Amino acid sequence: MKLTTTNLRKQFKDKTAVDDVCLNLTPGVWGLLGANGAGKTTLMRMIADILNPTSGKILYDGKDIHAMGEAYRNLFGFLPQDFGFFQDFTVKDYLEYVAALKDVPARETRKKIDSLLHTLTLTDVKNKKIIKLSGGMKRRVGIAQAMLNDPKILIMDEPTAGLDPGERVRFRNFISEFSHDRIVLISTHIVSDIEYIATQNAIMKAGKILDVGTTDELVKQVTGKVWTCVVSTEKMPMYEMQFRIINQRSEGNNQVSIRYLADEAKTSDSVMAPPRLEDLYLWLFPQEEIREEGK
Amino acid sequence: MRIYRLELKRVLKSRRSIILLLIALFMSAVMAWLPVTFEDINQYGENGNKVAELNGLEAITYKKSLRSVNNGEVTPEKLKEALNIYQSAVSKYGEDSIYRGDFPADLYTEKVFPVESLLGRLPEAFSDSKTGQATSLMDISPDKLDSFYEQTVQHLKDIMKMEQKEYPTTQEQALQKYTEVKTPFQLYAGYSRDAFDYIVLFIFLLVILCTAAATPTFSNEYQTGSDSILRCTKHGRSRLAMVKIFAALTVFSIAFVICISLHLLISNLAFGPECMKTSMQMLFSVISLPAINLGQLQIVLAAGGLISLLATISFTLFLSAKCKDSISVILTAIVMCLLPIFTYSAGANWLTFILPSGGIGMQNSLLYQLTGFNFLHIGLISIWSPYVTMAAAVIEIPVFLFLAIRTYCKHQVA
């Protein structure tokens, strides 16, 4: 099973949102990392076949997904970044509706819905109108609908946005189990959500794929560039101006432990730290740049 | 079928649909009752004094009791007798006195009112052949009424010569159609033209309400983003579009049938179901072309209204599949509902009658087209406007539905 994008490009008037993207998605969890405006959502929409590429192709096992039509959508589950529901439907009504559209047999629908509601801790609210649910619950309903047909290809755009830490942990475990023999592509800003479950990551910037690899392979790029040191709280404003600080933690006695990115140690007591995926993300997408791209 | 059932459930659970359908149901009763409240008459005692001022149902019952003597076939003999009564009662005071209000009220109630509905079409039938101006009842000789039905044909000839001067085949076409009208006419007095105007107005409101309820069918899902999920599902393209369309058409057709049936039921029970046997020519123009009675006219209006509703809804669904913004859809759809009223006033007949909502509105409505002599011409062919309106609507329904499905399937999430 393989999902391939070949020289995929999407042009919106004067902006190239996705530029010559070639990806070979194989079974496992794929993390799609990139700042706002990097083109992740556009890429996912094209893979979902709800947005036509300007050029290039998307093939599933060598077959054009657009030509496959229903057959492709039958294998597919999608959670968009921004989505709405039928406001007057309950959770159960909505999932039944989507299950019918996904051609889940009627006799299996109830069982499938109950199982997903249980897994996503939504059982208590199944008869509640979706309009009355919290943001996190709505997103979990979104996750549930994407998985109703046990998709072979699952695409999730920012699935953990709005979930609390406990829900994110449950989501990670759930996806980790689910991804066996399936292609799961997850885009997120919360790097820690995919760091330990992603078998492969693709890093996207300005519409292009910068790099593809396992977390270990990718973080090698920032080996020797992640440092930690302890500084006094009075000097923090100065360090914040001068260093690319990733993290800080109070150590008591007016001391703060900081983790920063730099080609070389900036203080004599700095110690090199093992790199993580988040370090790579922030190395590749400095905050100033992210803010610029978001504009 | 399962998706269709769930889509029906979705539509019927939508607060917007529920509110609009409840308004439609409420309006069907209110608008049927309003013409009843317009009915009034004074009742006079034997000494000529007013004994009661009757309104609503009481007025209808009293009026019918006064006029029931003339119920049945409108024969020349009956017309002659009625005209004699009228002329002998009015000659002393002059016809103008009736309109001025100085005609003795008790005499009016006793002599004039009972024959008024029977004689109501005579001034038109005997109107001036050159100007079309109606003749006073006082100027019509009762002897001429032996050939009343021949005179109606002559009047039609005169009118067609005036209105379709350059189209002799159209004139013949109208005369040919008029031969189908059954004579003698039937009259069961009691039903008011106001009630028919309210049927027309109610159908117009019903179409607007259903249009408003149909506007979010696709556009709302584009706007909220729920469409991104649905169109990624196996049946989320053409099948979902078809299901949504058929569910909308089912709900609005059933709503229309229920509301118009309730409206007609209330109206007919109030005015009396026997009035439905009256020939259309006795309430509207004596030379109206349709060979139908009032009951059949109601059915034609309801069926025509349903066809116009379906055409308008089909167009609205196409708009909804095309636009991402529900507000733009609702505004455009309402403008399209109202457009025939303005295009008709501006004299753009072809445009008026080929619009999906061409059969609803005010003067352009199917009722007034059925009572009129508006023929549209293409080369040598002339087509009566009600046929154009209905044919256009029937053709537009599948065309706009096909376009709605195609547009929905081609929609891009961006």
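This is a predicted model: local features need pLDDT of at least 70, side-chain atom pairs count only at pLDDT 80 or more; totals for chains, interfaces and linings use all residues.
Is B:Val200 buried or exposed? It counts as buried, because 20 C-beta neighbours lie inside 10 Å of B:Val200, and 20 or more is what a buried residue needs. Another pairing puts some distance into the picture: B:Val200 and B:Phe375 are 175 residues apart along the chain, and their C-alpha atoms are separated by 21 Å.

Stepping back to chain B as a whole, its secondary structure comes to 19 helices and six strands. Of its 414 residues, 45% count as buried. The C-alpha atoms fill a box of roughly 85 × 55 × 35 Å along the principal axes. What share of the contacts in chain B between residues at least 6 apart in sequence join residues at least 24 apart? The figure is 73%. A UniProt annotation from an unreviewed entry, "domain: ABC-2 type transporter transmembrane", covers residues 18–405 of chain B. That span is 65% helix and 6% strand, and its end C-alpha atoms lie 25 Å apart.

Chain B splits into domain 1, made of 2–36 + 192–410, and domain 2, which takes in 40–165. The C-alpha centres of these domains of chain B lie 37 Å apart. Where they touch, eleven residues come from domain 1 of chain B and 15 residues from domain 2 of chain B. On the domain 1 side, the elements giving two or more residues are helix 13 (238–271) and helix 14 (280–283) of chain B. By class, this side of domain 1 of chain B divides into eight nonpolar residues, three polar and no charged.

Within chain B, a helix pair is worth a look too. Helix 4 (residues 76–90) and helix 6 (residues 105–119) of chain B pack at an angle of about 140°, with axes 9 Å apart. The crossing of helix 4 of chain B past helix 6 of chain B is left-handed. Which residues make the contact? From helix 4 of chain B come B:Lys78, B:Leu79, B:Ala82, B:Leu83, B:Ile85, B:Tyr86, B:Ala89 and B:Val90. Helix 6 of chain B brings B:Leu107, B:Lys111, B:Val112, B:Val115, B:Leu118 and B:Leu119. Sorted by class, the contact between these helices of chain B has twelve nonpolar residues, no polar ones and two charged ones.

Next comes the meeting of the chains. The contact takes 23 residues from chain B and 27 residues from chain A. On the chain B side, helix 1 (2–13) and helix 12 (226–230) each supply at least two residues. Helix 1 of chain B gives the most to that side, with five residues. The side of chain B that touches chain A has eight nonpolar, nine polar and six charged residues.

Chain A also comes in parts: domain 1 covers 3–218 and domain 2 covers 221–294. Their C-alpha centres in chain A lie 32 Å apart. Twelve residues of domain 1 of chain A are in contact with twelve residues of domain 2 of chain A. Helix 8 (192–195), strand 9 (200–205) and helix 9 (215–219) of chain A each give at least two residues to the domain 1 side. That side of domain 1 of chain A divides into six nonpolar residues, four polar and two charged. UniProt, in an unreviewed entry, lists residues 3–231 of chain A as "domain: ABC transporter". Over residues 3–231, chain A is 34% helix and 29% strand, and the end C-alpha atoms are 48 Å apart.

Finally, there is A:Val256, placed in strand 13 (residues 255–261) of chain A. Not counting residues up to four places away in sequence, A:Val256 touches A:Val230, A:Val231, A:Thr233, A:Met236, A:Gln248, A:Arg249, A:Ser250 and A:Glu251. One of these contacts, A:Val231, is 25 residues from A:Val256 in sequence and 5.4 Å from A:Val256 in space, C-alpha to C-alpha. Why is A:Val256 partly exposed? A:Val256 has 19 other C-beta atoms within 10 Å, and a residue is buried only if there are 20 or more.

Note on methods. Residues are numbered from 1 along each chain as its sequence is written. Chains are lettered from A and ligands numbered from 1 in the order in which they are written. Axes are lines fitted to C-alpha atoms, for helices over the stretch in contact, and angles run from 0 to 180 degrees between N-to-C directions. Helices (H or I, at least four residues) and strands (E, at least two) are DSSP runs, numbered from the N terminus. A crossing is left-handed if the near helix is turned anticlockwise from the far one by less than a right angle, and right-handed if clockwise. Two residues are in contact if their C-beta atoms, placed from the backbone, lie within 7 Å. Ala, Val, Leu, Ile, Met, Phe, Trp, Tyr, Cys and Pro count as nonpolar, Asp, Glu, Lys and Arg as charged, and the others, Gly among them, as polar. Domain bounds come from an automatic or database domain assignment. UniProt positions are given in the numbering used here, feature names are shortened, and annotations may be inferred rather than shown by experiment. A residue is buried if 20 or more other C-beta atoms lie within 10 Å of its own, exposed if 12 or fewer, and partly exposed in between; C-beta atoms are placed from the backbone.
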